[in-house]
Amino acid sequence: MLSVSDARARILEIFVSVETANLSIAHLAGRVLASDITAKTDYPLFDNSSVDGFALQISDIAGAGHASPRTLMVTADIRAGTSSDIPIHSGQCAAS
C-alpha cells in the first residue's frame with residue numbers, strides 16, 4: 001500500500017502546469033479559473049429563490065399521507081423580497 005505522500009506525488013506527476021491568461025468573458029467556455037473570484041456586491045440585494053414553497057393552513061394537510069389528496073386554491077403569489085396582507089383561509093394557499 002502507498003503512503004498518502006507517495007500517492008500524492010504519483011498523481012501530481014501526471015499533471016502539467018499551464019500558464020494563466022486574462023481573457024474576455026466571451027472566450028471563457030471550457031476554461032478553468034486560476035484563482036478564486038468574489039463579487040463586490042450581492043445580487044439580488046435580498047434573499048431570493050424562484051419558488052420557496054407554499055403558505056397554507058396546517059389543518060388543510062393534517063393526515064394528508066393517510067387520506068385522499070385535497071386540492072387547495074392558490075389565492076396569492078408572494079414574490080421573493082415582498083410580503084402579502086392577503087389572508088389565507090381554509091382550502092387556500094399562497095405560492096411563495
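R79 is exposed, at a relative accessible area of 58%, where exposed stands for over 50%, buried for under 20% and partly exposed for the range in between (1.4 Å probe, protein chains only). A salt bridge joins R79 to D77, with 3.2 Å between the closest N and O atoms. The term requires a side-chain nitrogen of Lys or Arg within 4 Å of a carboxyl oxygen of Asp or Glu. By this rule the count is 1 salt bridge. D77 is partly exposed, with 48% relative accessibility.

The structure is a predicted model, in which local features need pLDDT of at least 70 and side-chain atom pairs count only at pLDDT 80 or more, while totals for chains, interfaces and linings use all residues. Residues are numbered from 1 along each chain as its sequence is written, and side-chain values use heavy atoms, with hydrogens and water left out.

The mean pLDDT of the protein chain is 86, and 92% of the residues score at least 70; pLDDT is the predictor's confidence in each residue, on a scale from 0 to 100. Helices (H or I, at least four residues) and strands (E, at least two) are DSSP runs numbered from the N terminus.

Strand β3 spans residues 92–95 and includes Q92. Q92 is buried, with a relative accessibility of 18%. Beyond its neighbours within four places in sequence, Q92 has contacts with L56, D60, L72, M73, T75 and P87, a contact being heavy atoms within 4.5 Å.

L45 belongs to the loop between α1 (4–14) and β1 (54–56), G63 to the loop between β1 and β2 (73–77), and D85 to the loop between β2 and β3. L45 is exposed at 74% relative accessible area, D85 is exposed at 80%, and G63 is partly exposed at 43%. The table gives C-alpha to C-alpha distances for pairs that include these residues.

| Pair | Separation in sequence | C-alpha to C-alpha distance |
|---|---|---|
| L45 and G81 | 36 residues | 9.1 Å |
| G63 and I37 | 26 residues | 48 Å |
| D85 and Q57 | 28 residues | 15 Å |

The largest pocket has a volume of about 430 Å³. A pocket is an open set of points on a 1 Å grid over the protein atoms alone, where a 1.4 Å probe fits, with protein on both sides within 12 Å along at least five of seven lines; lining residues have an atom within 4 Å of a point. The volume is the space filled by probe spheres set on the points, which are joined across faces, edges and corners. Residues lining the largest pocket include V18, E19, L28, R31 and S35. The lining divides into 7 nonpolar, 3 polar and 2 charged residues, with Asp, Glu, Lys and Arg counted as charged, Ala, Val, Leu, Ile, Met, Phe, Trp, Tyr, Cys and Pro as nonpolar, and the others, Gly among them, as polar.
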